[in-house]
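This briefing looks at side-chain surroundings and ring pairing in one structure. Please keep the sequence and the 3D view open while reading the points that follow.

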Amino acid sequence: MTSRIPRDSRLRLVRPRPLAAAPQAMNQRRPRRPAPRPPEGTPARSELAGMARSGLAGAARVARWADSALGPGRGSATADGKATLSDATADHAARELGLPVAKVRADWDTARLAGLVEVHGDTARPGWRLRAWNRDDSAVLRGWVALFDAWSLAHPEPAGQEPGAVAEVVSAMPQVLSFLQLSAGPVPVAQLLDLLEQRVTELRTERCEVPYGPRLEPGTPGAEPDPAPANDTALAPLLDWALHALAAVGALTCGDGQATLTPLGSWAVWVKLEQICVAAQSPAGNIEQSAEGMLRGCGRLRPNAARAEYRAWLAARPVGSAVAELLGAARGEDALLRGLAFEALRVVGAPAEPDVRGVLDEPTLRPYALLWLAEHDGADPEDAHEVLTRPEATWLWVDTAAAVADHGEAPLLVRHLESAVQATVPALLDEVRAVGHPRTVQVLVALAAAHPDPALAKAVRRAAFQVHTGGS
């Protein structure tokens, strides 16, 4: 005769999975996708970071001064609401740092563009990159790339130039830089000017509207003129400005009528080209979706394919807005999207750290954020769950079970039972009831329906009824 007394079944202790994964990906190790290798001869990341630290030393010095002197209640950074250093503050910094005021202002602007300092209203606070400056090469390189991206702001164009022409040159410079990177050596400025002229002409042609109706042959009275080619004479001073601006941020060197990318500049251009290639290789077509739409699309993919989608989606967006959108999707009711959002944030890496820390006070996201931060700080993914308290681990178990119940199959839900941190089913049920997850009843009902052991299923159903009625 089969006993109807609920069994004190021992549960195998396995690592609670932080991801409410899709059926195909559930309980699988996620092999890392090999990173693309930079061109031969590119210095190691540590050497590149050293170059960036050297080039941004002045900006880091001013940012640290601002951190100590301009914190809340200690002084105002700006007076115009535009993050421009006020005269009084610039004089104060120049005296304390022993620098000319002009140098202080230039370093301040560089620090803002590199993300070493952030201005909110009239107060300044250190950016996350400054906090990680001495220990995180990635933070340093990202700061330098941010400055590289803003080269036209770091070194304003000469006075008297047509704004439209300046915008065209800024838009055309990526192709010029790509040519320099592919050339892997000095390139005559005259050759770069010819390339710039061609690219600007293409941009002007692309902007021309196609008229409706029959088109007259060129030369016929009333015919539309062909787009005028870019003028060398007009573009030469702007190319000179662009090259010197890029030299000012450390991306290239100019001399003897030639331009050459620095190791940092060559690496940065390669990174940009890789990002474009990744963005173009979105096999599942989710690159233009919202974060929620992209994550739902990735829920049907295996881990490697999903990571490719995350990379493509992220490459097409500014990091800050992408992280905010992913966290917004994680706050929704779908536990699967919550887990996948933090998988995508793992692809983001260090730039997501401040935002992830910012959600630690949100009970729904806290367990995911704690695991993310533990892994980011170097913990083995197999041991990262040790940072969770028992209630947090139990809440995460229920959340993951909700994802499996919504998107998985019954056998997966039964196997998920084995990943609980509690040693027995009664202990698990007691703690599941205590954590108060909003999906507790649905999870327990689904588990009871899926489990092949009648006695255990009955105990789980009883627990679901008690949660539903508020009984004990």
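Predicted model: local features only at pLDDT ≥ 70, side-chain atom pairs only at ≥ 80, totals over all residues.

A residue is called buried when its relative accessible area is under 20%. Trp-241, at 5% relative accessibility, therefore counts as buried.

**Aromatic pairs**

- The count of aromatic pairs comes to three, and one of them joins Trp-151 and Trp-241, whose ring centres are 5.2 Å apart with the planes at 45°, so that this pair is tilted.
- Because Trp-151 belongs to helix H7 (residues 151-154) and Trp-241 to helix H10 (residues 232-248), the pair ties together parts that are 90 residues apart in sequence.
- Trp-151 is likewise buried, its relative accessible area being 7%.
- Another pair is formed by Phe-342 and Tyr-368, with ring centres 5.6 Å apart and planes at 25°, so this pair is stacked.
- Since Phe-342 lies in helix H15 (residues 335-348) and Tyr-368 in helix H17 (residues 366-376), this pair ties together parts that are 26 residues apart in sequence, and both residues are buried.

**Surroundings of Asp-399**

- Asp-399 is placed in helix H18 (residues 390-407) and, with a relative accessibility of 0%, counts as buried.
- The side chain of Asp-399 is joined to that of Tyr-368 by a polar contact of 2.6 Å, and Tyr-368 is also the stacking partner of Phe-342.
- Leaving aside residues up to four places away in sequence, Asp-399 touches Ala-335, Arg-338, Tyr-368 and His-437.

How values were computed: Residues numbered from 1 in each chain as written. Heavy atoms only, no water. Helix = DSSP H or I, 4+ residues; strand = E, 2+ residues; numbered from the N terminus. Buried < 20%, exposed > 50% of the residue type's maximum accessible area, 1.4 Å probe, protein only. Polar contact = N/O pair within 3.5 Å; in protein donor to acceptor, adjacent residues only side chain to side chain. Contact = heavy atoms within 4.5 Å. Phe/Tyr/Trp six-rings, centres within 6.5 Å; stacked < 30°, edge-to-face > 60°.
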